[in-house]
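Here is a walk through one protein model. Keep the sequence and the 3D view side by side as you read.

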Amino acid sequence: MRHAIITAFLGKLRDRFCEYQEPRTLIEKLELMARIPGVSGAEIVYPGEVDTVPVMKEALGRLGLHIAAINVNIKGDPVFVNGALSSPDPAVRAKAVEFIKGGKDLAAAMGADKVTCAPLNDGYDYCFQTDYRVAWQRMVDAVREAAAHRPEVPLFLEYKPSEPRVRCFLDSAAKTLVFLDAVGSDRIGMTLDIGHAIYGGESPAEVLAQVAMSGHPYYIHINDNNGKWDWDLMAGTYNLWTYIEFLYYLKEFEYEGWITSDTSPVRQDAVETFAFNVRFTNRIWDWLDSIDRDLVRRSLEKHEFMTILKHFEPSLLVPAGRK
């Protein structure tokens with residue numbers, strides 16, 4: 001299993017009320033990342049966070065890190081406040097597409113195998129605020145153009161129910177799959193953020209199964225929340241059974257990609273936060289190797305939940321010192 005971190009979470013963080021953590025340059029974030037046991041990859045945010053390619057390559061090589069993905073931000077620039085890929089202004093749509101193309105160029109130069117993008121300003125806040133038919137087609141056309149650029153670097157789209165819009169156009173896994181099919185390119189996939197699925201009322205494991213069976217490639221972000229907001233808590237700390245089931249299905253689908261922490265250490269030490277994500281995820285991953293997965297598969301086919309629960313029970317919450 002390969003673990004990565006979104007570098008933006010290793011610098012200053014803000015919500016509507018407070019600021020958290022210390023500001024850091026990208027190189028300082030990478031140096032901090034290198035101190036976290038088990039982390040070997042970075043998801044770097046483009047364009048706001050990047051340095052020159054030689055500088056970034058030198059730092060990554062020196063620190064023994066790799067690029068998990070380039071995260072193209074089409075949310076932060078004020079020009080995108082009323083939409084990026086779906087904007088009524090063709091110049092704004094063109095700028096959003098150019099951002100994605102620029103992210104792909106950077107990925108190619110850095111040796112990264114993907115870009116990821118969350119088009120979260122593409123949405124609406126009120127009834128009668130947008131023509132859904134026109135906005136959808138604009139997004140399809142824009143993503144189709146972006147995907148065609150440097151096709152060797154696939155584009156992964158991340159959905160989210162809301163924020164910063166009251167409702168994002170790509171607000172669920174099912175709708176995102178419909179969107180990917182509408183674009184009709186084999187160079188696009190989905191970034192599945194487990195926290196977005198949870199607070200969108202989805203089952204992350206079921207979503208994973210749907211995406212994997214669709215044939216579209218996928219990339220994983222881990223975190224947790226209380227089902228009411230995208231709090232970006234540490235993985236498995238609020239929805240443990242949900243996380244165990246999610247990792248079980250990742251194993252079933254033989255996922256070999258990056259597990260990237262999209263977790264916000266607002267009140268906790270950043271190194272400890274991400275070290276927990278890695279350590280806890282690895283423990284569950286290894287535990288899943290110790291169970292009888294053939295028994296689990298047979299029981300799932302018959303909807304025999306109690307058989308699975310009884311199989312899990314002896315190895316869960318074992319007192320210290322007892323084997």
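Start with helix α4 (132-148). Its buried residues are A135, M139, V140, A142, V143, A146 and A147. Buried means under 20% relative accessible area, exposed means over 50%, and partly exposed lies in between (1.4 Å probe, protein chains only). Helices (H or I, at least four residues) and strands (E, at least two) are DSSP runs, numbered from the N terminus.

The model is predicted: local features need pLDDT of at least 70, side-chain atom pairs count only at pLDDT 80 or more, and totals for chains, interfaces and linings use all residues. Residues are numbered from 1 along each chain as its sequence is written, and side-chain values use heavy atoms, with hydrogens and water left out.

What covers the buried residues of α4? The cover includes α3 (90-110), β8 (155-158), α5 (173-183) and β10 (188-193). Contact here means heavy atoms within 4.5 Å.

Now check the length of α4. Its 17 residues should span 24 Å at 1.5 Å a residue, and the end C-alpha atoms are 24 Å apart, so the two agree. The expected span is 1.5 Å times one less than the number of residues.

Look at the two ends. At the start of α4, a side-chain oxygen of D131 comes within 3.0 Å of the backbone nitrogen of R133. After α4 comes R150, with a positive phi near 45 degrees.

T130 counts as partly exposed because its relative accessibility is 27%. Beyond neighbours within four places in sequence, T130 touches Y124, A135 and F169. S86 is 44 residues from T130 in sequence, yet their C-alpha atoms are 9.8 Å apart.

Next, the sheet. Eight strands form a closed barrel with parallel pairing, in the order β1-β4-β5-β6-β8-β10-β11-β12. Neighbouring strands are turned by 30 degrees against each other on average, direction ignored. Two strands pair if DSSP finds at least two bridges between them.

Follow β1 (residues 2-6), where four of the five residues are buried. β1 pairs with β12 (residues 258-261) in the parallel sense over four bridges, and I5 has S261 as its bridge partner. Four bridges also join β1 to β4, again parallel. There, A4 is partnered by G41.

C117 stands opposite L157 in β8. α5 packs on the sheet, touching β8 and β10, and makes about 170 degrees with β10. Such angles run from 0 to 180 degrees between N-to-C directions, with axes fitted to C-alpha atoms, for helices over the stretch in contact.

How values were computed
Polar contact = N/O pair within 3.5 Å; in protein donor to acceptor, adjacent residues only side chain to side chain.
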